[in-house]
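Hi everyone, thanks for coming.

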Amino acid sequence: MKKREPISTGSEWTFDLINRYDQEIARIAASYNLETYPNQIEVISAEQMMDAYSSVGMPVGYHHWSFGKQFLETDKNYRRGRMGLAYEIVINSNPCIAYLMEENTMAMQALVIAHAAYGHNSFFKCNYLFRTWTNADAIIDYLLFAKNYVTHCEQRYGEEQVELVLDSCHALMNYGVDRYKRPYRLSLAKEEARQKEREEYLQLQVNELWRKTIPLASRGAVEDAEQRFPSEPQENLLYFIEKNAPLLEPWQRELVRIVRKIAQYFYPQRQTQVMNEGWATFWHYTILNRLYDEGLVTDGFIMEFLQSHTNVVYQPSFDHPGYSGINPYALGFTMMSDIRRICENPTEEDKRWFPDLANTDWVKSLDFAMRNFKDESFIAQYLSPKVIRDLKLFAVLDDDSRKDLEITAIHDDQGYQSVRQMLSDQYNLGNREPNIQVYNVNRRGDRSLTLRHYQHNRRPLGDSTDEILRHLARLWGFTVRMETEHEDGSVETTHELVVGEL
Amino acid sequence: MTQVIDRRLNGKNKSAVNRQRFIRRFKSQIRRAVSDAIAGRSITDVEQGENVRIPSKDISEPVIHHGPGGKRDMIHPGNKEFVKGDRVPRPGGQGKGRGSKASNSGEGEDDFTFELSRDEFLEFFFEDLELPDLVKTKLAKLESQKTVRAGYTTAGIPTNINVIRSLKGALSRRIALQSPYKKQLQDKERELEDALKLHGEYEPFVVELKNEIKFLRKKIKAVPFIDEFDLRYNNRVKRQVPTTQAVMFCLMDVSGSMDQEKKDISKRFFMLLYLFLTRNYEKIDLVFIRHHTIALEVDEEDFFYSRETGGTVVSSALELMHQIIEERYPSSDWNIYAAQASDGDNWNDDSPLCRDLLRDSVMPLVQYYAYIEITTDVHQNLWHEYLNVKKKYPNFAMQRIEGVQDIYPVFRKLFKKQAA
C-alpha cells in the first residue's frame, strides 16, 4: 500500500482537521458498510460536558433536582480530579449528535468520532431494539415538548406539585416500559394535538373506573367482585397508573406519560450495553488501525490512541481492588473481535461451536450479529470458549441457605455451556430486576392497588420497597400493597401502605 | 453528511436551574450545615463558599431492587486457582458473591458532599438574619473597579493608539537608524567637494564617489517614516476604587452569665457588621476586646471560645478601647466602628461611668456604635444609661436581641445612612 502524508502531526486539533479526519473515517466506515445517520458533531467545553452528563445524555431535559444532584456530584469529582470526563456522549437521534470536548487532543477527537459518530451511530440506526422502540427522528422534538410541558405545568400548578409527581415517577421509571408490546410513532405536532385529546379522553376512562368502584347494590355484585381488574397482570406500572389512577389530574397523567416515554426511549440502551459499547469500541479500533496502515496518522497518534483504548477495555480480575463487575467495553470488544477471528481464522473448536460462522465474510456476519441481538441473546449466541478462557470466567453460586459459596463452573470443557448460559442470564433485565406486576384493584371496596412480586430463586425485595410504595401511593391515591408469590405458589403480603399514613 | 458545530460559546450553565432546585429541596439540611460552618469560622472568612455534607439516605432516589439473600449465580472474570466444586467462604457475611475480596457494597453509605458557592452561602447566611432583599444585594455585591491610566504598552487596539508617543518613537528611531549613513554621507560629500576641486568630473573615482553618495541617500530614504515597532498604546488598568480604611472593635462581655449560645448570637452580629464593612472599606482591622471585671485585647480564638467567670465592669472595655484608638487608630485616618455585645449585666455603680465615657470620649471618635443586649429578662441598668447616649448621638444604635433574627434592626440605621 502506498504511504501517504499523515493528516496531522501535532496534538492540537482544529475544525479543519476534524473535518478531514471525519472524511477519512467516513470513507473507511463506508468501506465496511456501516450504515449511519448523518452526524452532527458538536464541540463543547468541559463545563458543558458536565451539563450534558447530568441530564443523563438528554440534549434537552426538563428541570428536576435529581439532575442538579448529578451535576454537583460530577462537578465535585471532576474538580478533585477523581475522574476524567467520559470522552464522549452520543445521542440516539437523527442527525446523530456526538459531543467532542475541547480539551482533548486530535488523536482523542478522532477516537471519539470513530467510536461515537460511526460506531454508536450505526448501532442506533440498525439494531432491532432501537429500530423498534426508539424514533430517532422525533426524540429531540419529543424532549422539547416534554420540557415545555413540564415548564408549563410548573407555572400553572407550582414547582413543588410537579416535583412530587416527577419524584414518584422516577422511582417507578424502570417499571414504566413495555417489554413486549410494540409501540407506534408520533411526531411533535401530532404529539401536541393528541395530548389535548388524551387529557379529556383519559379523564372519561377514569370516570369509568370510578363509577365501578362506587358500590351499587343493584348490580351483579358477585360476578363483578370475582373479576380481577386488570384481568391479566400488567408489567408497565406507569402505564397502568397513567390510564387508571383515579385521583390524578390530567396534567399529572401527562407527566407520568412523559417519564414513561423517556424510560422507554432509554430501555434499549439498558439492554444492549455490552453490544453497543463492544460494537463502537471494535469499530474505533478497526478504523483507526486502518488509518495507521494507510499512513494517514503518525506513530505518536497511534500510540496515544492505543493507550486510551487499552484503558477502556481493561478488565480487572475479581480479586482486584478496582473490580466492580464485568466491564461491558472489555466483554463487548473481546466478543466482537472474536467473531471476526472465527470468521477469518476458525480453529477446529470454533468450527464445532459455530459451524455457521466459520469461514464466512466477517463484515456481514458481524453486521448480522449487531442487528438482531440484545446483550442476553448475543452472549447466549456468540460467547465462545476462547473468550471464556481468555477472560478466565467462572461461575459462583451464592445460596443463602448454604454456608459457603460454590464455584459451579470454570473455563473448561464441562463449564463453557453453563458459563455462557449464566452470563447471558446475568444480562437479562428480567432477572436483574424483581418481576413485579400490577395484579389487582379492589373496585368494590377501598380501591386499593395490589402489586405482585413473582419471586425467583427466593430472592427478596430490597429495603427501598417501603419508599417505593409511598411513591406509588402518592400517584394512586389509595392504599397500595405488595404481595410476593413464592415459587411454590403461596402468596404473602410483604408490604402495605394504608393511605392516611402518607 | 457530517456537520461540525462549535457550541462552546453557548451558555454553559445549563444545569444552574437544576442546581438551584437541588439546593431548594435540601434547604433544611444545607441550612444546618451553614450554621455549623458559621460557628466554626472566623469572622473574616464569612465570605467563602462552603462544603456541605448531606447524609446520602436523605437524598437517595429509590428504585425497586433485589435485597440480599436467595440464590443467585454470578459470573466473574480472572479465575486463578478455582476448579469446579470448590467451596469458598462467603466474604463479608451476608454480602454478595464477590470471590475472595471484601465486597465493595460499602459505597452509597458515604455522605453526599458538594460545594456551596459564595453567593449561595451568603444567601443562606442572610436568610437566617431576615435581611430585606435590598440590603442583601448590597452586601453581596462585588467590589466595583475603576479603570485608570497606567503608562503605555506596545500592544493594544487601534483606538488606543497614542499618536504623540508613537510619532516621537518613530522620530527617534529614524534618527537612530539614519545617523550612521548621514555621517558617512557628510564625509563623502566633503570628499567629493575636495575631489572636484582637483580633478575632472568624469574621473573614475569621482564617479564612484557619486554612486556611493547616491547609494547612501537611498539607504537613508529607505528607513520608514513609521513602523509597527513605533506604535504605543494607552494602557489602562483596573484598580479598586480607593477607599479609606476602617477598624472594627468587637467588645464582648465574657462574664459567667454569657453562655455559648449568646456568644454565637454575638458572633453572627459581628460577622454581619464585618461583612458590611468589607463592602465599604478596602482594609479593615479587627480589634477584639473582651471583658469581665478587667478588659483585655485578645485574638479571635480567645475572644469566642475562652470562658471566664466573675463580675462585669463594662467601663473597663470602653476605657481600653479609647486607649487603643488614641494609640493606634487616629480618627483622622481611620473609620472607627464598634460593636458591643453583652447580656446587660453590669455593676450598678459602673453604668453611669460607661455612659459618660461613651458620651464624652468614645462617641465623638467613632462612625457608628452598635450595642446589642442579648437577654430575655427585663432591661438592666446599662440599657437605661445607654438610652441617654442614644438621645445625643444619632449614630448610636442599640437593640435587645432574643434570637438571630433580631440582629437586623440594628443595621437599619446604618444602611439608611449609607443610602443617603
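Let me start with a question: is A:Phe318 buried or exposed? A:Phe318 counts as buried, because its relative accessibility is 3%; buried means under 20% relative accessible area, exposed over 50%, and partly exposed in between, with a 1.4 Å probe and protein chains only.

Two bits of housekeeping. This is a predicted model, where local features need pLDDT of at least 70, side-chain atom pairs count only at pLDDT 80 or more, and totals for chains, interfaces and linings use all residues. Residues are numbered from 1 along each chain as its sequence is written, chains are lettered from A and ligands numbered from 1 in the order in which they are written, and side-chain values use heavy atoms, leaving out hydrogens and water.

Now the rings. Searching the whole structure gives 34 aromatic pairs over all chains. Rings of Phe, Tyr and Trp (its six-membered ring) pair if their centres lie within 6.5 Å, with planes under 30 degrees apart counted as stacked, over 60 as edge-to-face and the rest as tilted.

One of these pairs is A:Tyr32 with A:Trp283, tilted, at 5.0 Å centre to centre and 50° between the planes. These partners are 251 residues apart: A:Tyr32 is in the loop between α1 (15-31) and β1 (39-44) of chain A, and A:Trp283 is in helix α12 (residues 273-293) of chain A. Helices (H or I, at least four residues) and strands (E, at least two) are DSSP runs, numbered from the N terminus.

Finally, helices. Helix α3 (residues 65-79) of chain A packs against helix α1 (residues 16-25) of chain B at about 100°, with axes 7 Å apart; axes are lines fitted to C-alpha atoms over the stretch in contact, and angles run from 0 to 180 degrees between N-to-C directions. So α3(A) is roughly perpendicular to α1(B), a label for 65 to 115 degrees, with under 35 roughly parallel, over 145 roughly antiparallel and the rest oblique.
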